[in-house]
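Student: Could you walk me through this structure, one question at a time?
Tutor: Gladly, let us begin by looking.

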Amino acid sequence: MVNRKLAVIGLGTALTVAVTGCSTKGTNEGGGGGSDGVKTDIGVTDDEITLGGLTDASGPFKTGGVLVTHGNELWAKEVNDDGGICGRQIKLDVRDTGYKADQAIPLYDTLQNEAVGLIQIIGSAVFAAIKQKMISSSTMGSSPTIASDNLDNEVMVGVTTTFDIEAINGLAWMAEQGMIKDGDKIGAIYLQNEAGQNSFHGVEAYAQKHNIQVIGAPASPTDTDMTATVTKFKAEGVSLIYIAMPPAATASTAVQMQGQGLNVPLLGFNSAFQPNMLEDAGVVAAMQENFYLLPPGRTWGSDSEASTKLREQYEASGIQDDPAHSVVTGYLSGLVWGAILEQACEDGDLTRAGLLKARKQVTELDTGGLTQPLDYSDPGDSPTRANLIAQIDPDAPGGLKEVSDWIESDEAKEYKLPHQQ
């Protein structure tokens, strides 16, 4: 029995965040229907819709994982307070894998008998470990951020831009600002998994169009000392470093760049930063001028109406964890699931098969400006191709300030994802 427990928070609603690996029998197992005539199977009763989740609350992305879960919870409370979906309350069952695939498998085996789908899956290795099980059981899952290589099926739902698209947009914006140019040489530090490799593919795709040489440096999620890599990049004369690594590696890279006098931009993929990095004055000094981030949606401190509302909800919830942009991503996952569930309800089919049909009918989801409109008609495509750029600001909520409007570069528009129809 695996027993990994997330912090229970006081949202005043029936959300399950205790996590366990013990097997129990699922709701409505084997198919059937609700008393209202809506078709249901596993994870849906007359009163509840259960959504599971596999998060990282104790591994290298633990800060972001916990905040994504809080975003899920804020969405569920909002929906439940408004009467639920299809006359049913949302119940969340989020479990901690520690970003380890071997821990994810038994947790998923339990969830697939209890939940209609997964509101979050954090970790490309985690998804790879359960992918065939999800496909076999038609269990749909969403990921806060996703590699386009993993969109080769109908069960996986991305919430924001894919890693390759965001890399392309980020580099295009850096070029517009005069920070890199055609013919330059850039370095890329990236995770040795689907997420990092997909980011690197995006870097290579942009570079190929602009005669840019890319020097790659693959690393593991637990690598936190980037001294040798920065030394190599400096010797190669890079004009920019792209990093698709956890926050600890990002901090090390920035500090080493400053210490070695490598005064070039450091551009991070969406998970490269968390605000607790700003507790170290040395890290702040190293990142203040040259670090740029590709947040998956609006930053936590954005002055948009939707962001302001979300901050108010977070403050009223009584959650003690310091908020950041990962809360936005978790809330967005909820909005996506909400749209799919509403469509499935309208179709009279809340079964897993019904959800897969419903997702393709969600073609212009308005997120209130937290992202550009999302389109799920093609499971192999990114739901949006627009990104923002942010920089650190220790005085801003969540530690970031937006320095661009929405970016949808020509290179990103023209880029064909591997499984795009």
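Student: What radius of gyration does the protein chain have, beside that of a compact globule?
Tutor: First, a word on the source: this is a predicted model, in which local features need pLDDT of at least 70, side-chain atom pairs count only at pLDDT 80 or more, and totals for chains, interfaces and linings use all residues. Residues are numbered from 1 along each chain as its sequence is written, and side-chain values use heavy atoms, with hydrogens and water left out. The radius of gyration is taken over C-alpha atoms, and the globule rule is 2.2 Å times the number of residues to the power 0.38. For 421 residues that rule gives a radius near 22 Å, and the protein chain agrees with it, at 21 Å.

Student: What share of the residues of the protein chain count as buried?
Tutor: Buried means under 20% relative accessible area, exposed means over 50%, and partly exposed lies in between (1.4 Å probe, protein chains only). Of the 421 residues, the buried share is 60%.

Student: What part of the accessible surface of the protein chain belongs to carbon and sulfur atoms?
Tutor: Accessible areas come from the Shrake-Rupley method with a 1.4 Å probe, and for residues only the protein chains shown count as cover. The total for the protein chain is about 15,400 Å², and the part belonging to carbon and sulfur atoms is 44%.

Student: Among contacts with a separation of 6 or more, what percentage joins residues 24 or more positions apart?
Tutor: A contact means heavy atoms within 4.5 Å. Among the contacts in the protein chain with a separation of 6 or more, residues 24 or more positions apart account for 71%.

Student: Why are H1 and H9 described by the word they are given, and what is that word?
Tutor: Two packed helices are described by the angle between their axes and the distance between the axes. Here the axes of H1 (residues 62-81) and H9 (residues 305-317) come within 11 Å and cross at roughly 95°. Axes are lines fitted to C-alpha atoms, for helices over the stretch in contact, with angles from 0 to 180 degrees between N-to-C directions; under 35 degrees counts as roughly parallel, over 145 as roughly antiparallel, 65 to 115 as roughly perpendicular and the rest as oblique. H1 and H9 are therefore roughly perpendicular.

Student: Which residues of H9 meet H1?
Tutor: From H1, the residues taking part are Leu 67, His 70, Leu 74 and Glu 78. Their partners in H9 are Lys 309, Leu 310, Gln 313, Tyr 314 and Ser 317.

Student: How do the residues of the contact of H1 with H9 divide by type?
Tutor: Ala, Val, Leu, Ile, Met, Phe, Trp, Tyr, Cys and Pro count as nonpolar, Asp, Glu, Lys and Arg as charged, and the others, Gly among them, as polar. The contact divides into four nonpolar, three polar and two charged.

Student: How far apart in space are Glu 78 and Gln 313?
Tutor: Glu 78 lies in H1 and is partly exposed, at 22% relative accessible area. Leaving aside neighbours within four places in sequence, Glu 78 is in contact with Lys 309, Gln 313 and Tyr 331. Glu 78 and Gln 313 are 235 residues apart in sequence, and their C-alpha atoms are separated by 8.8 Å.

Student: Is Leu 118 buried or exposed?
Tutor: Leu 118 sits in strand S5 (residues 117-121). Beyond neighbours within four places in sequence, its contacts include Gly 52, Tyr 108, Ile 130 and Trp 337. At 1% relative accessibility, Leu 118 counts as buried.

Student: Where is Tyr 99, and what is its phi?
Tutor: Tyr 99 is in the loop between strand S4 (89-96) and helix H2 (101-111). Although Tyr 99 is not a glycine, its phi is positive, at about 65°.

Key
Helices (H or I, at least four residues) and strands (E, at least two) are DSSP runs, numbered from the N terminus.
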